[in-house]
Amino acid sequence: ICMTQLSVLFFAASLFHLSLAVVPASERQALVDLYNASNGTSWSNSNNWLVGDPCDGSWNGVTCNVGQTTVTELDLSVNNLGGGPIPDLALPNLTELHLQDNQLSGSIPDF
């Protein structure tokens, strides 16, 4: 590979990396805390939770903005969530939270 080809490959790889949106670590941690506090291993559907980025479209019940950079909705209703209390949800752009028909105890934090 000559230096020109190497430069082109590096530039293309850089552009690809920049195009991948990633949810902030604090939002991912808030979701992990929710999973752990609500018996995530016993959920009816915990597909892909704790794997990769929550906004890549694979975490069951997680909806993100168009740019895939922030969590905007959680729908974990009828999913066998248990335990509690639910930790503070450090999800600043969350507009909808659906947790009905689960076995949670304690209060739901404001968001």
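## Surroundings of asparagine 79

Apart from its neighbours within four places in sequence, asparagine 79 is in contact (heavy atoms within 4.5 Å) with Trp43, Ser44, Asn45, Asn60, Asp101 and Asn102. Asparagine 79 sits in the loop that links β2 and β3 (82-83); helices (H or I, at least four residues) and strands (E, at least two) are DSSP runs, numbered from the N terminus. The relative accessible area of asparagine 79 is 4%, so the residue counts as buried. Buried means under 20% relative accessible area, exposed over 50%, and partly exposed in between, with a 1.4 Å probe and protein chains only.

The side chain of asparagine 79 also reaches the backbone nitrogen of asparagine 45, at 2.8 Å. This distance falls under the heading of a polar contact, a pair of N or O atoms within 3.5 Å; within protein, one must be able to donate a hydrogen and the other to accept it, and residues adjacent in sequence count only if both atoms are side-chain atoms.

## Basis of the values

The model is predicted: local features need pLDDT of at least 70, side-chain atom pairs count only at pLDDT 80 or more, and totals for chains, interfaces and linings use all residues. Residues are numbered from 1 along each chain as its sequence is written, and side-chain values use heavy atoms, with hydrogens and water left out.

## Overall make-up

The protein has 2 helices and 5 strands, in the sequence pattern α-α-β-β-β-β-β. Of its 111 residues, 30% are buried. Among contacts between residues at least 6 apart in sequence, 38% join residues at least 24 apart.

The protein exposes about 6600 Å², of which carbon and sulfur atoms supply 57%. Accessible areas come from the Shrake-Rupley method with a 1.4 Å probe; for residues, only the protein chains shown count as cover.

## The sheet

An open sheet is formed by 3 strands in the order β1-β2-β4, with mixed pairing. Its edge strands are β1 (62-64) and β4 (96-98), each of which pairs on one side only. On average, neighbouring strands of this sheet are turned by 20° against each other, direction ignored; axes are lines fitted to C-alpha atoms, for helices over the stretch in contact, and angles run from 0 to 180 degrees between N-to-C directions.

Strands pair if DSSP finds at least two bridges between them. β1 and β2 (residues 71-75) are antiparallel and share 3 bridges. Threonine 63 stands opposite glutamate 73 in β2.

## The disulfide

The structure holds 1 disulfide, a pair of cysteine sulfur atoms within 2.5 Å. It joins cysteine 55 to cysteine 64, with an S to S distance of 2.0 Å. Both cysteine 55 and cysteine 64 are buried. The torsion about the S-S bond of cysteine 55 and cysteine 64 is about -85°, so the disulfide is left-handed.

## Backbone exceptions

Most residues other than glycine have a negative phi, and most peptide bonds are trans. Glutamine 68, in the loop between β1 and β2, has a positive phi near 60°. Its relative accessibility of 29% makes glutamine 68 partly exposed.

Asparagine 80 also has a positive phi, near 65°, and lies in the loop between β2 and β3. With a relative accessible area of 35%, asparagine 80 is partly exposed. The peptide bond from glycine 84 to proline 85 is cis, with omega near -5°; proline 85 belongs to the loop between β3 and β4.
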